[in-house]
Amino acid sequence: KRKKSEQALAESEERFRQLAENINEVFWMTSLDKKDMIYASPQYEKIWGRKVEDLYKYPDSWLEAVHPEDRDKVSKSLPKQPIGSYDIEYRVQRPDGELRWVKDIAFPVKNGKGEIYRLCGVAEDITERKVFEDKLRLYERAFKNSIDSILVMDTELKIHEVNKAFVDMWGYTPEEVIGQTGDLLMDPSTIKNITSKNLTPDTDTIRTEMLGRKKDGTIIHID
């Protein structure tokens, strides 16, 4: 019976190892007092740019690699790990100078007596998401603050968004045009010209001359 239990445990540990070593996130496990790094999956080396062996020798080395501006925030959040409310995003500064954004969560592990004796967590590289969010914010600022009249339409010419310059030029409020189609603003020849360009979801921008109709009925020529 003991031999079967040991075999079952070994098989369970092997399944865990295979899972931990083949996911994109870092799976980590520490002692409750954070003085011992019990396990860190190989992905740590890719994200932190440091060897897992060094992490076992110096369990705090992961924190020392956190960007100086984020380190204090992370340190103050560590007491949340035993209660399962640790969920934080921070930057890691790799030895080559590259910055990586990480989302780190943790949860407590209990023994057979119901006592917390270890902490486990998952650290995910969210750098691409952060870069996308930064670009999106930049585009939003450019869209809102542009002196050019801009409207966003889908391939069915349904209007989804307009900027302030559009409101000033056309006389419509956003509520009056969003959800409407382009024929509210454009003459039939312009609509035909646009639809003839075979718009698809992958179409970025198109350039065309058009005749537009403002809210007060004034016809304007735009190129």
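This is a short tour of the structure, one selection at a time.

**Before you start.** This is a predicted model, in which local features need pLDDT of at least 70 and side-chain atom pairs count only at pLDDT 80 or more, while totals for chains, interfaces and linings use all residues. Residues are numbered from 1 along each chain as its sequence is written, and side-chain values use heavy atoms, with hydrogens and water left out.

**The whole chain.** Show the protein chain as a cartoon and you will find nine helices and nine strands; these are DSSP runs numbered from the N terminus, with helices (H or I) of at least four residues and strands (E) of at least two. Of its 223 residues, 30% count as buried, where buried means under 20% relative accessible area, exposed over 50%, and partly exposed in between (1.4 Å probe, protein chains only).

**The sheet.** Next, select β1 to β5, which form an open sheet in the order β2-β1-β5-β4-β3 with antiparallel pairing. Two strands pair if DSSP finds at least two bridges between them. At the edges are β2 (37-40) and β3 (87-93), each pairing on one side only. From one strand to the next, the twist averages 25 degrees; axes here are lines fitted to C-alpha atoms, for helices over the stretch in contact, and angles run from 0 to 180 degrees between N-to-C directions.

Now zoom in on residues 99-110 (β4) and 116-125 (β5), an antiparallel pair with nine bridges. Which residue of β5 stands opposite Lys-103? Look for Glu-124.

**Ser-77.** Select residues 68-77 to bring up helix α5, where Ser-77 is found. Is Ser-77 buried or exposed? Ser-77 counts as buried because its relative accessibility is 11%. Show Tyr-86 and Ile-88 too: Ser-77 is in contact with both, leaving aside its neighbours within four places in sequence. Contact means heavy atoms within 4.5 Å.

**Helix α9.** Finish at residues 188-195, helix α9, and colour its buried residues Thr-190, Ile-191 and Ile-194. Look down the axis of α9: these buried residues fall within an arc of 100 degrees, so they line one face of the helix. That arc is taken from the directions from the helix axis to the C-beta atoms. On the face turned away from the buried side, pick out the exposed residues Pro-188 and Lys-192.
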